[in-house]
Amino acid sequence: MTQKPIQFTVIDNDYSELIETQQGSYPNLMFLLRDKLGLEGFGECGGVGRCATCIITAEGITGNSIIKDRNEPATLSKMGYEDESTRLSCQLYITSDLDGATITILDL
Ligand code: FES
């Protein structure tokens with residue numbers, strides 16, 4: 001059975017790209033973004049949820065991905081990010097929850 005592709009838009013400054021991928025294609029969204037966009041210094045802690053160099057805004061995500069858990073809420077709050085859409089991309093898995101979302105890379 002073929003999987004339904006997952007599509008979402010990524011915005012990095014004035015660059016925008018529609019990404020199409022499959023569930024679980026990368027360990028998490030940080031690795032996908034770093035690979036597809038060649039982002040330097042993105043995801044420095046390797047996905048532990050502590051460095052916040054993988055910070056994004058995620059509009060339009062659904063399902064369990066809306067919930068911030070593990071280290072994510074503490075790290076974001078320590079940096080002063082209380083907004084619901086501000087996320088650590090390393091804490092988001094590549095699932096259909098991302099389908100139709102708009103992901104914007106934030107510059108620290
Ligand atoms: S890679 Fe460090 S917090 Fe996401």
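Student: Which residues does R87 touch, leaving out those up to four places away in sequence?

Tutor: A contact list of this kind shows what packs around a residue once its sequence neighbours are set aside. In this predicted model, R87 touches C54, I55, I56, A58, I61, S65, I66, I67, K68, E72, L76 and L92. R87 itself is found in strand β4.

Student: Is R87 buried or exposed?

Tutor: Relative accessible area is the value to read, and under 20% is called buried. R87 has 1%, so R87 counts as buried.

Student: Which residue forms a salt bridge with R87?

Tutor: Look for a carboxyl oxygen within 4 Å of a side-chain nitrogen of Lys or Arg. For R87 the partner is E72, with the closest N and O atoms 2.8 Å apart. The two belong to distant parts of the chain: E72 sits in helix α2 (residues 72-78) and R87 in strand β4, 15 residues apart. E72 is buried because its relative accessibility is 0%.

Student: How many salt bridges does a search of the whole structure find?

Tutor: Three. Apart from the E72 and R87 pair, there is one between the side chains of D99 and K4, at 3.5 Å from N to O. The side chains of R70 and D69 meet in another, at 3.5 Å from N to O.

Student: How exposed are D99, K4, R70 and D69?

Tutor: Read each end of a bridge separately. K4 is at 64%, so K4 counts as exposed, whereas D99 is partly exposed at 30%. R70 is partly exposed at 48%, and D69 is partly exposed at 36%.

Student: Which strands pair with β3, and in which sense?

Tutor: Strand pairing is read from the bridges between two strands. β3 pairs with β4 (residues 86-88) in the antiparallel sense over three bridges. β3 also pairs with β5 in the antiparallel sense, over four bridges. Take I56 as the example: the bridge partner of I56 in β4 is R87, and in β5 the partner is I105.

Student: How many of the five residues of β3 are buried?

Tutor: Four, which leaves β3 mostly covered.

Student: Which residues have the most contacts inside the largest nonpolar core?

Tutor: The largest nonpolar core has 26 residues, and F8, V10, L29, L33, F42, I56 and I103 have the most contacts inside it. Elements giving two or more residues are β1 (6-12), α1 (29-37), β3 (55-59) and β5 (102-105). The largest share, five residues, comes from α1.

Student: What does I103 touch, not counting residues up to four places away in sequence?

Tutor: I103 touches F8, T9, V10, I11, L29, L33, I56, T57 and A58. Among them, F8, V10, L29, L33 and I56 are also listed with the most contacts inside the core.

Notes
Residues numbered from 1 in each chain as written. Predicted model: local features only at pLDDT ≥ 70, side-chain atom pairs only at ≥ 80, totals over all residues. Heavy atoms only, no water. Core = buried A, V, L, I, M, F, W, Y, C linked by side-chain atoms within 4.5 Å. Buried < 20%, exposed > 50% of the residue type's maximum accessible area, 1.4 Å probe, protein only. Contact = heavy atoms within 4.5 Å. Pairing = 2+ DSSP bridges.
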